[in-house]
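Let us walk through this structure together, one region at a time. Keep the viewer open and follow along as the names come up.

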Amino acid sequence: MAKLGNTEFLTVVSNTPLIALDLILHDEQGHYLLGRRVNRPAQGSWFVPGGRVCKDERLDDAFARLTREELGLNSAQRSDAELIGVYEHFYGDNFSGKDGVSTHYVVLGYRFSLPRRLPHLPLDQHSDYRWASAEDILLDESVHENSRAYFVTEAVAA
């Protein structure tokens, strides 16, 4: 899969929605993983890990790539996760910071569990990580609203 240059990708972001997978990962205690985003959009906010689906990339392959890149997992499979819904994320900014260009994602949210917490998480997309309960996530305004949306039904069920 060829990677677009910034100019070409900005044209895509300006004109189309992007497809992404978000990874709602929980441990045995029912705490969920959040990372503080390094990049735009949502830079500086706490967010669940995830990322874009590439052109000609099957969802199973995207899931495996994203769990490897975002979490350092080498054997995660989409069939082990639960699709919790399709979400729309709208941002007033974009990866490049160019004025007047918003970002629109159509996101498939996948929840899955790990028997243990991950000891070493990549720092490419997130500067820091933390684990939190669904209730704490819903109350914390430093968690981006698009990530908090995944936990509304989770907190009600708990």
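What you see is a predicted model, in which local features need pLDDT of at least 70, side-chain atom pairs count only at pLDDT 80 or more, and totals for chains, interfaces and linings use all residues. Residues are numbered from 1 along each chain as its sequence is written, and side-chain values use heavy atoms, with hydrogens and water left out.

Start at H89, which sits in strand β5, residues 82-91. Helices (H or I, at least four residues) and strands (E, at least two) are DSSP runs, numbered from the N terminus. Is H89 buried or exposed? H89 is buried, with a relative accessible area of 2%; buried means under 20%, exposed over 50% and partly exposed in between, with a 1.4 Å probe and protein chains only. The side chain of H89 makes a polar contact of 3.4 Å with that of Y91, and another of 3.3 Å with the side chain of Y150. A polar contact here is a pair of N or O atoms within 3.5 Å; within protein, one must be able to donate a hydrogen and the other to accept it, and residues adjacent in sequence count only if both atoms are side-chain atoms. Beyond its neighbours within four places in sequence, H89 is in contact (heavy atoms within 4.5 Å) with residues including D22, F47, H104 and Y150.

Y150 leads on to the largest nonpolar core, which has 23 residues; L34, V48, I137, Y150 and F151 have the most contacts inside it. Such a core is a set of buried Ala, Val, Leu, Ile, Met, Phe, Trp, Tyr and Cys residues joined through side-chain atoms within 4.5 Å. The elements giving two or more residues to this core include α1 (6-15), β1 (18-26), β5 and α3 (134-139). A second, separate core of 20 residues includes L23, L25, F63 and Y110.

Now for the backbone. Most residues other than glycine have a negative phi, and most peptide bonds are trans. Yet a cis peptide bond joins R40 and P41, with omega about -10 degrees, and P41 lies in the loop between β2 and β3. A42 is found in the loop between β2 and β3 too, and has a positive phi near 70 degrees. With 10% relative accessibility, A42 counts as buried. D56, in the loop between β4 (50-52) and α2 (59-71), also has a positive phi, of about 65 degrees, but D56 is exposed, at 70%.

On a 1 Å grid over the protein atoms alone, a pocket is an open set of points where a 1.4 Å probe fits, with protein on both sides within 12 Å along at least five of seven lines; lining residues have an atom within 4 Å of a point. Of the 41 lining residues, F9, G51, R52, C54 and Y105 lie nearest the centre of the pocket. Elements that give two or more residues to the lining include α1, β4 and β6.
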